[in-house]
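Here are my notes for when you next have the model open.

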Amino acid sequence: MIQLIKGFKDVLPGEIEVWQTIERAAKETFENFGFQELRLPIVEKSELFSRSIGDTTDIVEKEMYTFEDGKRGHVTLRPEATASVVRSYIQHKMYAKDPIRKFYTIGPMFRRERPQKGRYRQFYQIDAEVFGIDSPYLDAQLIFMLATLLEKLKARDVKAHINSLGCPCCRPNFQKALKDLLDAKKESLCENCLRRSEKNPLRVLDCKVPSCREAVEGAPSILDHLCDDCREHFETVKAVLTENGVDFEVDTRLVRGLDYYTRTAFEVLTTSLGAQNAVAGGGRYDGLVKALGGPEIPAIGFAIGFDRLAEIVAMQQTIEADGPTLYIAPLGDAATNKAATWAMQLAANGVFCETDFAGRSLKSHMKRADKLNAAHVLMVGDDELDRGVAALRNMATKEQWDLPLDGLVETLVDRFN
Ligand code: AMP
């Protein structure tokens with residue numbers, strides 16, 4: 001028996017209802033905030049990710065599923081969505097019509113991480129990106145939109161953590177101060193951080209190795225190194241969030257794993273999932289559109305970890321699939337023949353309808369209707385056919401009515417739609 005690969009999973013009925021609920025809520029929420037859906041390829045040129053995510057990130061260093069694809073060279077299963085959204089925005093010159101564009105996209109991402117609870121090699125993200133607006137009001141609005149979705153899904157134990165990563169004008173000052181500290185603590189740093197302290201010292205703040213955590217304990221705060229513009233931007237983000245009732249805390253250690261962030265960075269963390277506690281993450285990336293060959297256009301976005309959000313929602317509430325509105329229980333061949341047509345016509349006209357062709361007894365039909373959790377059962381046998389009626393029973397109240405076979409489908413469609 002061939003089993004699925006470790007780190008990959010099937011989402012089955014029983015679990016899928018939660019996924020569908022989340023997807024519907026995300027679409028509805030995001031569309032109310034003016035977002036349009038994009039569907040993007042899962043495979044892109046590897047260079048897109050190495051150039052945008054950054055060569056010194058975990059993702060690019062060791063987690064990408066990359067393979068050679070003949071003349072196309074190296075291609076990669078996308079590890080995240082932002083790079084593809086930006087590629088698409090630039091490639092189709094979407095900015096020409098209107099630089100302000102808001103997109104969301106939902107789909108699988110691939111990272112060759114060590115599989116464990118909450119960390120998969122194929123996982124799903126709900127991704128939202130906005131181009132063309134550099135105002136801090138937008139940063140706050142995006143975090144508010146994320147909080148709105150989580151509230152709609154009744155996800156408890158979640159909190160937004162925010163930070164500012166400065167801009168190319170002020171970040172180097174902070175990087176220098178941090179690097180001085182790291183140089184003095186070299187012996188405590190893990191191998192990864194030793195390397196990163198040279199190229200990208202901010203990433204050391206993100207390291208989970210205890211000795212690295214200790215080493216950066218007295219590290220300077222990036223917020224003390226922001227330029228006036230970045231400080232004002234961050235102050236406005238915080239003020240607007242507070243004014244609009246978003247629960248957040250400032251976390252000066254939050255740097256995010258990818259290189260392209262500028263200014264506002266944020267994550268939504270939960271206390272419900274153990275070690276893998278990040279439910280969503282995002283931030284501003286004002287330089288990326290230009291870095292990937294487009295015009296100088298600011299942008300910001302976030303990605304929700306769909307798998308983790310589904311786990312939280314499933315833990316905190318029960319969402320079950322609806323049973324059929326109607327189960328048709330035919331007794332005998334003539335009735336089965338009629339039931340087949342009625343069931344097809346009803347389903348085609350918007351009534352969730354099931355039947356069974358196995359020639360069951362009435363008792364067996366009722367068992368099956370119960371198993372399917374049908375709201376109503378329509379019983380019809382030779383006797384009913386002779387009388388020109390069928391018996392409809394409401395399974396909850398046990399009330400029963402005879403309905404004329406003449407115009408039966410129309411009657412039922414009217415009744416249930
Ligand atoms: P990132 O782009 O790494 O910040 O990812 C955004 C969100 O995706 C995270 O906050 C997680 O919820 C989710 N995520 C990232 N990697 C994985 C993974 N390997 N398995 C499941 N969810 C993930």
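This is a predicted model: local features need pLDDT of at least 70, side-chain atom pairs count only at pLDDT 80 or more; totals for chains, interfaces and linings use all residues.

**Notes on the model**

1. Starting with Thr318: this residue is exposed, with a relative accessible area of 67%. Thr318 sits in the loop between helix H12 (306–316) and strand S12 (326–330).

2. On to the ligand. Which residues come closest? Of the 14 residues that surround the ligand, the closest are Arg111, Glu113, Tyr120, Arg256 and Ala278. By class, that shell has 6 nonpolar, 3 polar and 5 charged residues.

3. Some ligand distances to check on screen. An oxygen atom of the ligand is 2.7 Å from a polar backbone atom of Ala278. For Val279, a backbone N or O atom lies 3.2 Å from a ligand oxygen. With Gln125 it is the side chain: one of its polar atoms is 3.0 Å from an oxygen atom of the ligand. How much of the ligand does the protein bury? Taken alone the ligand exposes 480 Å², and the protein buries 92% of that.

4. Where does the shell come from in terms of secondary structure? The elements that give two or more residues to the shell around the ligand are strand S6 (122–131), strand S10 (278–284) and strand S11 (299–305). Of the elements, S10 gives the most, with 3 residues.

5. Now the nonpolar interior. As a general point, nonpolar side chains tend to be buried together in soluble globular proteins. Here the largest nonpolar core has 94 residues, and those with the most contacts inside it are Ile22, Phe30, Phe131, Phe302, Ile304 and Leu309. Helix H6 (residues 136–152) gives the most to this core, with 8 residues. Apart from it lies another core, of 20 residues, with Leu326, Leu378, Leu392 and Leu412 among them.

6. Phe131 deserves a click of its own. Leaving aside its neighbours within four places in sequence, Phe131 is in contact with Val85, Val86, Tyr89, Pro99, Ile100, Arg101, Phe103, Tyr285, Val289, Ile297, Pro298 and Ala299. Asn173 is found in helix H7 (residues 171–184), and at 47% relative accessibility Asn173 counts as partly exposed.

7. Is Glu44 buried or exposed? Glu44 is buried, because its relative accessible area is 8% and the cut-off for buried is under 20%. Glu44 has its place in strand S2 (residues 43–45). Its side chain makes a polar contact of 2.8 Å with the side chain of Arg87. Beyond its neighbours within four places in sequence, Glu44 is in contact with Phe49, Val75, Thr76, Ser84 and Arg87.

8. Gln276 is buried, with a relative accessible area of 10%, and is found in the loop between strand S9 (262–270) and S10. A polar contact of 3.4 Å joins its side chain to that of Arg308. What else does Gln276 touch, leaving aside its neighbours within four places in sequence? Besides Arg308, Gln276 is in contact with Gln116, Lys117, Gly118 and Arg119.

9. Two backbone angles to look over. Lys93 has a phi near 45 degrees, a positive value in a residue other than glycine. Lys93 lies in the loop between helix H4 (82–91) and helix H5 (94–97), and counts as exposed at 53% relative accessibility. Lys398 also has a positive phi, of about 65 degrees, although it is not a glycine. Lys398 lies in the loop between strand S15 (389–394) and strand S16 (400–404). Is Lys398 buried or exposed? Lys398 is exposed, with a relative accessible area of 51%.

Key:
Residues are numbered from 1 along each chain as its sequence is written. Side-chain values use heavy atoms; hydrogens and water are left out. A residue is near a molecule or strand if one of its heavy atoms lies within 4 Å of it. A polar contact is a pair of N or O atoms within 3.5 Å; within protein, one must be able to donate a hydrogen and the other to accept it, and residues adjacent in sequence count only if both atoms are side-chain atoms. Accessible areas come from the Shrake-Rupley method with a 1.4 Å probe; for residues, only the protein chains shown count as cover. Helices (H or I, at least four residues) and strands (E, at least two) are DSSP runs, numbered from the N terminus. Ala, Val, Leu, Ile, Met, Phe, Trp, Tyr, Cys and Pro count as nonpolar, Asp, Glu, Lys and Arg as charged, and the others, Gly among them, as polar. A nonpolar core is a set of buried Ala, Val, Leu, Ile, Met, Phe, Trp, Tyr and Cys residues joined through side-chain atoms within 4.5 Å. Buried means under 20% relative accessible area, exposed over 50%, partly exposed in between (1.4 Å probe, protein chains only). Contact means heavy atoms within 4.5 Å.
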